[in-house]
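This report examines the sequence and model shown below.

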Amino acid sequence: MVFENKMLMNGEPDDEEEEAPAEEEEEEEEEDMVDPLETIRAKCEASEHCAHTRERLEACTARVGSRSHTEEECTEELFDFLHARDHCVAHKLFHNVK
């Protein structure tokens with residue numbers, strides 16, 4: 001967008017200085033936006049729907065972390081947790097999208 005402004009202005013310095021604060025305001029507005037997906041994911045992770053799979057994942061992570069030499073991974077538990085969380089999110093996400 002900045003490139004387009006320069007092309008249209010033909011490099012007039014007075015006009016570029018005036019538009020610089022407007023660009024900063026746009027960046028500040030973008031920072032205030034919150035992704036509804038992240039918010040819903042956090043709520044679903046804390047819900048009872050995901051509690052069992054989250055507990056299994058945390059137990060596996062603790063078990064694997066306590067051993068120095070192990071071939072065990074928590075991939076299955078992670079996928080189960082992500083599946084449960086995404087199932088919860090799928091039912092709530094599109095009700096919040098305008």
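Is cysteine 50 buried or exposed? Cysteine 50 is buried, with a relative accessible area of 0%. The model is a predicted one, and the values below are computed from it.

The cysteine sulfur closest to that of cysteine 50 belongs to cysteine 88, at 5.4 Å. A disulfide requires sulfur atoms within 2.5 Å, and the separation is therefore too far for a bond.

Cysteine 50 is also one of the buried residues of helix H4, a group that comprises Cys50, Ala51, Thr53, Leu57 and Cys60.

## Disulfides

The structure contains two disulfides. Counting bonded cysteines along the chain, their pattern is 1-4, 2-3.

Cysteine 60 is in helix H4, while cysteine 74 is in the loop between H4 and H5, so the bond ties together parts that are 14 residues apart in sequence. With a torsion of about -95° about the S-S bond, the disulfide of cysteine 60 and cysteine 74 is left-handed. Cysteine 60 and cysteine 74 are buried.

## Helix H4 and its surroundings

Helix H4 covers residues 48-66 and has 19 residues. From the first C-alpha to the last, helix H4 reaches 27 Å, close to the 27 Å expected at 1.5 Å a residue.

Which elements cover the buried residues of H4? The cover includes helix H3 (36-46) and helix H5 (75-96).

## Salt bridges

How many salt bridges does the structure hold? There are seven salt bridges. Among them is the contact between the side chains of glutamate 38 and arginine 41, at 3.6 Å from N to O. These two residues are three residues apart in helix H3 and are therefore separated by about one helical turn. In general, an α-helix has 3.6 residues a turn, so residues three or four places apart point the same way. Glutamate 38 is partly exposed, with a relative accessible area of 44%; arginine 41 is likewise partly exposed, at 24%.

Glutamate 72 takes part in a salt bridge with arginine 63, where the closest N and O atoms are 2.7 Å apart. Glutamate 72 also meets arginine 67 in a salt bridge, with an N to O distance of 3.4 Å. Glutamate 72 counts as partly exposed at 28% relative accessibility. Arginine 63 is partly exposed, with a relative accessible area of 33%, and arginine 67 is partly exposed, with a value of 43%.

Terms used:
Residues numbered from 1 in each chain as written. Predicted model: local features only at pLDDT ≥ 70, side-chain atom pairs only at ≥ 80, totals over all residues. Heavy atoms only, no water. Helix = DSSP H or I, 4+ residues; strand = E, 2+ residues; numbered from the N terminus. Expected span 1.5 Å × (residues − 1). Buried < 20%, exposed > 50% of the residue type's maximum accessible area, 1.4 Å probe, protein only. Contact = heavy atoms within 4.5 Å. Salt bridge = Lys/Arg side-chain N within 4 Å of Asp/Glu carboxyl O.
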